[in-house]
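Okay everyone, thanks for coming. I'd like to walk through one model today, helices to start with and then a sheet. Have a look at it first.

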Amino acid sequence: INKEVVTVITRVLVDPADDAFLVPTKPIGSFYTKAQAEEIAKTRGYIMKEDAGRGYRRVVASPKPIGILEVESIRSLVDAGTIVIAAGGGGIPVIKKDNCYEGIPAVIDKDYASSLLARLLNVDYFFIMTAVDKVALNFGKPNQIDLDVLKVADAEAYLKAGHFHKGSMLPKVEAAIKFLKGNPKGVALIASLEKAEAAFVDMERTIS
């Protein structure tokens, strides 16, 4: 593909009043012993928690993205035919303070950030590549049911019933729902990279 490729370091706006800041959950940085973690918490004011029995790490909030500062630059690049890599890792979280933007310790979910960017750009297709071939009900159980095509209302009903787990499929389904509500004519696809093309063809055939 003979195209320009540009990576944009993306600042993503979050709300400092987001409830996520009250309960930090995302571990970041190095591992420490309990004694080291207690000292860091005391001297730096960090919240430290044990991470899966491997030691203690700092935890920060995971607020929802509400804006993307570079969106117009990204739009101009896309309109010019450039392939743009943006919102990497969920982007750099910032808050607005005294009419300026200021970085804040947090981790933004990359699915939510990508969904917001897709909505702002009003794209036709929003693909989320993951480790499984399809969204499924009762995942990993003998009664697993793969879902080929899913309407927003059905996806919301399955979410409410607790079919998708936090930290795995739940944010991906929520991101797809947000994209489709912001762009009703769009199409969202969640699949593995290897199965994405076939899944897309099947989905287009079913929709048409």
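Predicted model: local features only at pLDDT ≥ 70, side-chain atom pairs only at ≥ 80, totals over all residues.

Numbering runs from 1 along each chain as its sequence is written, and side-chain values use heavy atoms, with hydrogens and water left out.

Helices here are DSSP runs of H or I, at least four residues, and strands are runs of E, at least two, numbered from the N terminus. The axes are lines fitted to C-alpha atoms, for helices over the stretch in contact, and angles run from 0 to 180 degrees between N-to-C directions.

Who touches whom? On the H4 side we have Val152, Ala155, Glu156 and Leu159, and they meet Leu170, Val173, Glu174, Ile177, Leu180 and Lys181 in H5. Contact means heavy atoms within 4.5 Å. By class, that's 7 nonpolar, no polar and 3 charged residues. For the classes, Ala, Val, Leu, Ile, Met, Phe, Trp, Tyr, Cys and Pro are nonpolar, Asp, Glu, Lys and Arg are charged, and the others, Gly among them, are polar.

H5 also packs with helix H3 (residues 110–121), at an angle of about 10° and with the axes 9 Å apart. That makes H3 roughly parallel to H5, and this crossing is right-handed. From H3, Asp111, Tyr112, Ser115, Ala118 and Arg119 meet a set of H5 residues including Leu170, Glu174 and Phe179. This contact divides into 6 nonpolar, 2 polar and 5 charged residues.

Now the sheet. It's open, with 4 strands in the order S6-S2-S8-S9 and mixed pairing. The edges are S6 and S9 (100–103), each pairing on one side only. Neighbouring strands are turned by 45° against each other on average, direction ignored.

Pairing, by the way, needs at least two DSSP bridges between two strands. S2 (residues 11–14) and S8 (residues 92–97) are parallel over 3 bridges, while S2 and S6 (residues 65–68) run antiparallel, also joined by 3 bridges. Follow Leu13 in the viewer: Leu13 stands opposite Val94 in S8 and opposite Gly67 in S6. S8 and S9 are antiparallel over 4 bridges, with Lys97 partnered by Cys100. Their hairpin has 2 residues between the strands, and Asp98 takes a positive phi near 55° there.

Last stop, Ser62, in the loop between S5 (56–60) and S6. A polar atom of the Ser62 side chain lies 2.9 Å from the backbone oxygen of Val107. Neighbours within four places in sequence aside, Ser62 is in contact with Ala20, Lys26, Val107 and Asp109.

Methods
Polar contact = N/O pair within 3.5 Å; in protein donor to acceptor, adjacent residues only side chain to side chain. Parallel < 35°, antiparallel > 145°, perpendicular 65-115°, else oblique. Left-handed = near helix turned anticlockwise from the far one by under 90°.
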